[in-house]
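Thanks, everyone. Let me put the model on the screen, and then I will walk through it.

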Amino acid sequence: MSWGHACVDVYQGAVAALVPYFVAERAYSYAAASGVVLAASLLSSLVQPLFGVLTDRWAMPWLLPLSALTAGAGVALSGVTGSYAPTLAVVAVSGVGVAAYHPEAARVARTVSRGRHTAMGWFSFGGNAGFALAPLLVFAVVATGGLRATPLLVVPALAGAALCAAAVRSAGSGAGSAGASTAVGEDDWPSFLRLSGAVVCRSVVFVGLSTFVSLYVRERIGGGEAAGTAALFVLYAGGAVGTLAGGRLAERYGRTAVVHRSYALTVLAVAGLVLVPGPPVYLFVALTSAGLYVPFSLHITLGQDFLPRRVGTASGVTLGLTVSVGGLAAPALGALADATSLRTALLPLVALPALGRLLLCGLREPVQPGAAVPDRADPQGACGAVKG
């Protein structure tokens, strides 16, 4: 499941990695280029909760290989479409493939992992590893062959479809049983909505930086395409490590405490990324990556535990809708960058993790039916002190 997740999420990272090439080869403005990111995110945002509701009612493991192929086909065609509107259309199709994959994949992963934080961390690690590899893959293909070479980017989709099919066969009956039929406990919608609001804040920061950090670093320190690709790789690769760390930290300190402190780190890291000049920008990109990704898998399991009777819906929102909705802000950032500068456009991203941190204050660890509250639970909620 983790490797299949990597092959699918390559295409989420690939859209942002293609932005500098659309700007260079097609002379897209910042707003037009960010519109490509919006196309991948908008339709995905709208349909992903629908797929979550469907997976709550029916197990659809066959959807995993099909969605992998759909995600790859859209990105593979994006460089050969020529005009702007068809490019938006095929990228949107890729977004639908990504949307269809995540709720069912999260349900199957939860079934196989039996809800263990570290196991779900490995599942999330796969997706974040795919993100990390995306700029390197796009650089290798497009920097040498131009946008016309994007059909080569379909290769991970073919591998992902095969891996997903194998994972479903290995999971057997566990993958084929609907999660809602065995759910216990009561849904806590207020806590879930607060968590979702925080994830939206995180999403806008992540998508905004994914879209523009490559161009921003090239503008600040020079170095051409390689410098920009390196910055995007650091942003994504640090996330792969951070996701694994998040699962282990949560087992020691509790999920809400770890998530809360990650948002605090992100405030400082994004400020350094935007304001500190020169090569140290790479250090702040890495710190930003850690702050954004340490809580990534914890968002998923917290959402599922807040809505134990609607695991697919919770997965569709925390893993899909709230992440994809960050793309809605990308055109606004692009328009601001066109009117002012990239640095000015990125400044609002400093405030969003602080807002997410406020939403998390007082959020308590969900208690499973029949389970004792662990000693490491934060008695004051996410704003309390961490106990070792």
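**Helix packing and a few residues**

We start with a crossing. Helices α9 and α11 cross in a left-handed way. Helices here are DSSP runs of H or I with at least four residues, strands are runs of E with at least two, and numbering goes from the N terminus.

Before going on, the ground rules. This is a predicted model, where local features need pLDDT of at least 70, side-chain atom pairs count only at pLDDT 80 or more, and totals for chains, interfaces and linings use all residues. Residues are numbered from 1 along each chain as its sequence is written, and side-chain values use heavy atoms, with hydrogens and water left out.

Back to that pair. Helix α9 covers residues 255-275 and helix α11 covers residues 296-306. They pack at about 135 degrees, with axes 10 Å apart. Axes are lines fitted to C-alpha atoms, for helices over the stretch in contact, and angles run from 0 to 180 degrees between N-to-C directions. So α9 and α11 are oblique to each other. On this scale, under 35 degrees is roughly parallel, over 145 is roughly antiparallel, 65 to 115 is roughly perpendicular, and the rest is oblique.

Who touches whom? From α9 we have Arg255, Thr256, Val258, Val259 and Tyr263. They meet Leu298, His299, Thr301, Leu302 and Asp305 in α11. Contact means heavy atoms within 4.5 Å. By class, the residues of this α9 and α11 contact are 5 nonpolar, 3 polar and 2 charged. Nonpolar is Ala, Val, Leu, Ile, Met, Phe, Trp, Tyr, Cys and Pro; charged is Asp, Glu, Lys and Arg; the others, Gly among them, are polar.

Now the overall picture. The protein has 15 helices and 0 strands. Of its 388 residues, 57% count as buried. Buried means under 20% relative accessible area, exposed means over 50%, and partly exposed is in between, with a 1.4 Å probe and protein chains only. Take contacts between residues at least 6 apart in sequence: 84% of them join residues at least 24 apart.

Next pair: α7 and α8. Helix α7 spans residues 189-221, and helix α8 spans residues 224-253. Their axes come within 7 Å and cross at roughly 150 degrees. That makes α7 roughly antiparallel to α8. This crossing is right-handed. On the α7 side, the contact includes Phe206, Leu209, Val213 and Ser214. On the α8 side, it includes Gly228, Thr229, Leu232 and Tyr236. The count by class for α7 with α8 is 9 nonpolar, 5 polar and 2 charged residues.

Is threonine 229 buried or exposed? Threonine 229 is at 12% relative accessibility, so it counts as buried. Beyond four places in sequence, threonine 229 contacts Tyr21, Pro135, Leu136, Phe139 and Ser214.

Glycine 246 also sits in α8. At 0% relative accessibility, glycine 246 is buried. Its C-alpha is 5.8 Å from that of proline 295, 49 residues apart in sequence. Setting aside neighbours within four places, glycine 246 is in contact with Val294 and Leu298.

Over to α7. Serine 203 lies there, buried at 0% relative accessibility.

Phenylalanine 284 lies in α10, residues 281-293. With 19% relative accessible area, phenylalanine 284 is buried.

Alanine 27 is not a glycine, although its phi is positive, about 55 degrees. Alanine 27 lies in the loop between α1 (2-26) and α2 (30-57). At 64% relative accessible area, alanine 27 is exposed.

Finally, confidence. Mean pLDDT is 84, and 87% of the residues reach 70 or more. pLDDT is the predictor's confidence in each residue, from 0 to 100. Over residues 370-382, pLDDT is below 50, and this stretch has 24 contacts in the model beyond near neighbours in sequence. Where pLDDT is low, the predicted coordinates should not be read in detail.

Key:
A crossing is left-handed if the near helix is turned anticlockwise from the far one by less than a right angle, and right-handed if clockwise.
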